[in-house]
Amino acid sequence: MSKTVKIKNIKIGGGNRIAVQSMTNTDTLDTDATLAQLRSLQAAGCDIARIAVSCDEEVEACKKYTGVFDMPLVADIQFDYRLAVRCAEIGFDKIRFNPGNIGDERKVEYTVDACKANKVPIRIGVNTGSLEKEFVGMDRADALAQSALKHVRLLEKFGFYDTVISVKSSDVKTTVRAYRKLAEAVDYPLHLGVTESGADERGTVRSAVGIGALLVDGIGDTVRVSLSGDPINEIRAARLILQEIGIDRDYCEIISCPTCSRCKYDLKKVVDELKEKTADVRTGVKVAVMGCVVNGPGEAADADFGVAGGSGGKAALFINGKVVRTIKTEEIVPVLLDLIKRKITNDKVDI
Ligand code: SF4
């Protein structure tokens, strides 16, 4: 198991809940837009948010963000160690920074001292696009892992161990192999992500495959889905990945059959309506919407509640896999919503 690193009120690693991260894409100097986006991210379920900081003016602007949110904030610094030190001093909760990029160990020590003094962890974030020359030409996954280890050892040389690591590539297999190598080599918490994964469905699937493969193996302590566009979509995608893997069970899971000619009602409409009306449920409940009574209840035996369509505008209602009564198809949504509500409030379920 990985060790635990505390980032403000969130513990990463050590078997703690997997934290979901994202990053602002507003202009860091535009404080109104950035504050609004940070608020939206927090409301959407983002656990940790990162902000790119590239100059002294941006550090000044960030004083309006630090200390404002319950959600920890991370400063993303590329090369300027002075900015990392300043961000540690103005209340950022974590710094994303690669110490090996500084090129001067006295400056690394100075940065580490500022992080230690302010109890600010460091995330080492190695990407294939920014690998140091000494690793170019190697197997990409080896190169990512070895580059990350080089940064880690540099921090350890100065007695710094509050480290989180990421090794990202836009290639899924390379990313997965690199994280596996790293997980064997160190016990620091790992921040999972597939970088530059694109937009919409392809980006989401790419991230789900890479992050999902690692989480299934028990590797990874925090995740960031990288998608072009509104970062709120990253939070939604990350939450879906955690739900599908069974790490996050506190939601209303709706399973439905693909339908075939045996289905005699508008199953898709029912599913869409249920999905919309249960989006805010934070209790584990499983609902099955099946097309027919031939296979429906059996295929959805582990659902709490469900329906299986029949003929003549009727459907069989089932609870815990057993058919309990027949309802009209137009009653499906209200009846299931009522059962879900009763499960959430622990009310008796009347059959
Ligand atoms: Fe077809 Fe019935 Fe299976 Fe749905 S549950 S796919 S309608 S056989």
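**Figure 1. The largest pocket of the predicted model.** A pocket is an open set of points on a 1 Å grid over the protein atoms alone, with protein on both sides within 12 Å along at least five of seven lines, and its lining residues have an atom within 4 Å of a point. Grid points are joined across faces, edges and corners, and a volume is the space filled by probe spheres set on the points. The largest pocket holds about 950 Å³ of space. Its lining comprises 28 residues, and Arg239, Leu240, Gln243, Ala279 and Arg282 are the closest to its centre. Helix H1 (31–44), H8 and strand E11 (252–256) are the elements that give two or more residues to this lining. The largest share, eight residues, comes from H8. By class, the lining has 13 nonpolar, four polar and eleven charged residues; Ala, Val, Leu, Ile, Met, Phe, Trp, Tyr, Cys and Pro count as nonpolar, Asp, Glu, Lys and Arg as charged, and the others, Gly among them, as polar.

The structure is a predicted model, in which local features need pLDDT of at least 70 and side-chain atom pairs count only at pLDDT 80 or more, while totals for chains, interfaces and linings use all residues. Residues are numbered from 1 along each chain as its sequence is written, and side-chain values use heavy atoms, with hydrogens and water left out.

**Figure 2. The protein chain as a whole.** The chain contains eleven helices and 15 strands, where helices (H or I, at least four residues) and strands (E, at least two) are DSSP runs numbered from the N terminus. Along the principal axes, the C-alpha atoms fill a box of roughly 80 × 45 × 30 Å. Of the 351 residues, 52% count as buried; buried means under 20% relative accessible area, exposed over 50%, and partly exposed in between (1.4 Å probe, protein chains only). Among contacts (heavy atoms within 4.5 Å) with a separation of 6 or more, 62% are between residues 24 or more positions apart.

**Figure 3. Helix H8.** The 14 residues of H8 reach 20 Å from the first C-alpha to the last, close to the 20 Å expected at 1.5 Å a residue. The expected span is 1.5 Å times one less than the number of residues in the helix. Ile232, Glu234, Ile235, Ala237, Ala238, Arg239, Ile241, Leu242 and Gln243 are the buried residues of H8. These buried residues pack against strand E3 (19–23), H1, H7 and E10.

Figure 4. Buried residues of H7 are Gly203, Ser207, Gly210, Ile211, Gly212, Leu214 and Leu215. Their cover includes H6, strand E9 (191–192), strand E10 (222–224) and helix H8 (232–245). Just after H7, glycine 218 takes a positive phi of about 80 degrees. Gly218 also belongs to the lining of the second largest pocket, where Ser2, Gly218, Ile219, Gly220 and Asp221 lie nearest the centre among 17 lining residues. This pocket has a volume of about 330 Å³, and its lining divides into nine nonpolar, five polar and three charged residues.

**Figure 5. Helix H5 and its surroundings.** H5 has 18 residues and reaches 26 Å between its end C-alpha atoms, close to the 26 Å expected at 1.5 Å a residue. Its N-terminal end is capped by aspartate 139, with a side-chain oxygen 3.2 Å from the backbone nitrogen of alanine 141. Buried residues of H5 include Ala141, Leu144, Ser147, His151 and Leu155. The buried residues pack against helix H4 (105–117), E7, strand E8 (163–168) and helix H6 (172–185). Glycine 159 follows H5 and has a positive phi, near 70 degrees.

**Figure 6. The cavity.** A cavity is a set of grid points where a 1.4 Å probe fits but cannot get out. The structure holds one cavity of 30 Å³ or more. The lining of the largest cavity consists of Asn98, Asn101, Gly125, Val126, Asn127, Ser130, Glu132, Ser147 and His151. Strand E7 (122–127) and helix H5 (140–157) are the elements that give two or more residues to this lining, and the largest share, three residues, comes from E7. One nonpolar, seven polar and one charged residues make up the lining.

Technical notes. A polar contact is a pair of N or O atoms within 3.5 Å; within protein, one must be able to donate a hydrogen and the other to accept it, and residues adjacent in sequence count only if both atoms are side-chain atoms.
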